[in-house]
Amino acid sequence: MMATLSLLPPDPVQWAWGIVLFWLVLGFAALLLQGSQHLLTRLVFPLGALGALAIAGVGIAGMLLPASAVILPIGLPDLPFHLRLDALSAFFMVLLGGAAFGITVYASGYFKSMASGPLALLALWYHLFLAGMVTVLLADDAYAFMVAWEVMALSSYFLVTTDHKIPEIRRAGFLYLLIAHVGAVSLLLTFGVLQGGHGDYTFDTMRLAEMTPFWASAAYLLALFGFGAKAGLVPMHVWLPEAHPAAPSPVSALMSGVMLKTAIYGLLRVTFDLLNIQIGWWGTLALALGLITALYGVIFAAVQSDMKRLLAWSSIENIGILLAAFGLTLIFYTDGKGALAALTLTAMLYHALNHAFFKGLLFIGTGSVLHATGVRHMGHLGGLMRFMPWTAWLTLIGALAIAGLPPLNGFVSEWLLLQAFLMTPGLTHPYLNMVIPVAAAIVALAAALAAYVMVKFFGVVFLGQPRDPALHEAHEASWPERLGMLWLAAGCVLLGLFPAQVIAWLAPVVRLLSNQTLVNDGNWLMLAPVSAERASYAPLIFFAVVAVVVLLTYLWVRRVYHGRVRRSDPWDCGYPEQDARMQDSAEGFGQPIRQIFEVFMKVERETPDPFDRKPHYSGASLDKLWFILYEPIARVTNWLSQQAGRLQHGRIQWYLIYSFATLIFLLIFTTR
Amino acid sequence: MSLTYHLQIVNLLAALLLLISFAMLSQRRIAGLITLFAWQGAALTASTALVAWSTGQHHLYYSAAITLVLKVIAMPWYFFRIVKKLDVDRDVEPMINIPTTMLIGIVLVIFAFNLALPISELSGTVMRSTLGIALACVLLAFLMMITRRKAIPQVIGFLAMENGLFFAATSTSYGMPLVVELGVALDVMVAVFVLSIFFFQIRETFDSLDLKHMEKLKER
């Protein structure tokens, strides 16, 4: 095996595996460097970032080269790890590497204030987490996949509970672990169905297994549940808004930007690659669930007052959009509309890539704010643009991108997706024809509300006046942090400006899954997904026009107005003074949404007395699903375990009687 | 001697084993219990050696030797020492009174014989009829563990159960492979040592070897 590993030039899969090993070594080396905080932040994390960059490079190579596989000499006896790198894995590796590079560079600055002991442990989990995610993408048998999946889940659990001394964080970590494992059990069952009684768990045999529609549907539903639990599909989304605020910001960025995408990867892998047949209603189901998730996520994002919780809900919304795109792809694919399936799939992959970049950027942006101010609650922030301009401007790029504004990347993928939705009248199924325009409307609504959420997020945190005098002391992010944010922001801009190139680059992945590729009817400058007459988008020209108009306006204003400046007291509209409390608050901004969608929420509010000198206000909009679905389940589980607990007397004699009775029973049972 | 005589003697020893089991069930004093345990081991050794001699199964000689050393000499001696050291040789008050225990024991013996009937018909060894007795010994030892409150009788019950199992193995299939027997012997030894450490610990914590104190450990 060593001989094959040293063959030159090695396959991309061996490079990828080598980088996984490098991360593992780096993680354990971090434990040895426990004493030196300096080395950990200056050496371990930058090296880890280089690994991420290398993974992205291997991914780019893997998308161009044919699939390559390797069988590793590790694992159980007779059950070695099979790894394989095809275009789909390679694409997600680019996503992982690209986002993780920026985030890890950021982390090397972010963790500077952490004590070296916990930091060494964190570095171990961090690199294990990265290694686990890459191995999930590379795995070519169910055994390797589940091992990697668990490594990913457990290491991220330890990352979430970094501040394990705080009870809420332990609670959030437990919730995350619980749902991750419920999902993992479902995945185990998926692979059990997929192997179809052969007893061979390599993906190669699964691809060949002939499935009846019933068992194929069972496998699909189990996979949807299992991967949905990891991705944050409603109603398994409850862990996201708890775990993301609990985790350190680079970890939230990695979990939201990258880890959720491994679930999308798994869903694509199982549905399009491992299963031989696809059935139309699968797509309809995924579409419906995706739309519910998107709308639910964005509504709750709009009413949050905690920065990171808001972003977590926004991640749920984006996962919903991805899943809706996945469902639409399936619908087109099973309807024989290969070209449209390719269009939708392209939009989905594009959006996954975009989300990794802008959500990563936004999460680390909140990390810098958190470091500078020590608060997550937006009610205590405000006006930070003056004190931390780098963070503010870079976060603004992320916010504009996630809001879906051209010429940034969020616009391209959402626009492509809406184009795909507009093509549904071509479907042969009459009901779908009627219903899917509604779906398009919901996607548009979610996108619009996402913009609303981002106005709230950016406006309340960075604009206006500081709501707390302590904010004047806020310091700007350190250089590694800025570099990390710059990288991700540059990704957002470039992915937005060169969509035609990105789509050409995505072609091998799309061909692998849907046997067709999206044909760009435009040219290198212009993106025209179906035909140039129908719709086209030329971001560079758009950007140039915007830039020129802004520049001209700026010059004109300077020339015309600044020539004759007159200073005087402005008319104060009856407000002789303005202070920070007069600004719109986070709760106030979300209030209309809360009013409209109050059915989904359990609102807890505490309003101040009008004559109170020091008015105090608090409001929380809680997820009703938690009370409807999770609390009854928790109660039933609790009750059952209490009943089981009655067996425990604490007297040895009773325990002996239990075994005695069992023995007698079994003896009777076996000899009867 | 012919095989029938051997069989007679083995059956006699088996009966002795059962009798000793009942005696242990009714014995109130710990020192007496240990003596009975040693006698049970002796009967087991004798029967195993006899089976080895009459059937030519040489590995059974080793089993018999291990039984002799461990269960007749080493462990009783060790228990006597512990009893002396902890000074616990008083009357053991059982949880259920002795006559009732004996009655339950008789029911168990009948049950065991019933159970063993179809199995011993399948077995081809010379001493298949003793399987019922072996099973009865196991169940009686278990019953002793249940009815005793103190820690040492429970451990003796555990070891007596092992005796019964050993007897069952010899009676159905001329014993287990030697490796397994060695392993079991080692396990028993380790168990005794670990449990004796527990005796001291329990004694130190609760000032008594009565296991009812351990109920306090239960999580409320």
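The following dialogue reads several features of a predicted model.

Colleague: Into which domains is chain A divided?

Modeller: Chain A comprises domain 1 (1–204), domain 2 (278–558) and domain 3 (626–671). The centres of domain 1 and domain 3 of chain A, taken over C-alpha atoms, are separated by 39 Å.

Colleague: Which residues touch the most other members of the largest nonpolar core?

Modeller: A nonpolar core joins buried nonpolar residues through C-beta atoms within 7 Å. The largest one here has 221 residues, and Ala16(A), Met93(A), Val134(A) and Val443(A) touch the most other members. Helix α14 (residues 338–373) of chain A gives the most to this core, namely 19 residues. Domain 1 (1–204) and domain 2 (278–558) of chain A each supply at least three residues to this core.

Colleague: With which residues is Met93(A) in contact, leaving aside neighbours within four places in sequence?

Modeller: Its partners are Ala16(A), Ile55(A), Ala56(A), Val58(A), Gly59(A), Gly62(A), Val134(A) and Leu137(A). A second, separate core has 60 residues, including Val10(B), Ile34(B), Phe79(B) and Val138(B).

Colleague: How many residues of chain A are in contact with chain B?

Modeller: There are 10 residues of chain A in contact with 13 residues of chain B. On the chain A side, 5 are nonpolar, 4 polar and 1 charged.

Colleague: What should helix α23 of chain A span?

Modeller: The expected span is 1.5 Å times one less than the number of residues. Helix α23 (residues 652–671) of chain A has 20 residues and should therefore span 28 Å; its end C-alpha atoms are 29 Å apart, which agrees.

Colleague: Does α23(A) lie largely in the open or largely buried, and why?

Modeller: Of its 20 residues, the number buried is 1, so α23(A) lies largely in the open.

How values were computed:
Residues numbered from 1 in each chain as written. Chains lettered and ligands numbered in written order. Predicted model: local features only at pLDDT ≥ 70, side-chain atom pairs only at ≥ 80, totals over all residues. Helix = DSSP H or I, 4+ residues; strand = E, 2+ residues; numbered from the N terminus. Buried ≥ 20, exposed ≤ 12 C-beta atoms within 10 Å, placed from the backbone. Domains from an automatic or database assignment. Contact = placed C-beta atoms within 7 Å. Nonpolar A, V, L, I, M, F, W, Y, C, P; charged D, E, K, R; others polar.
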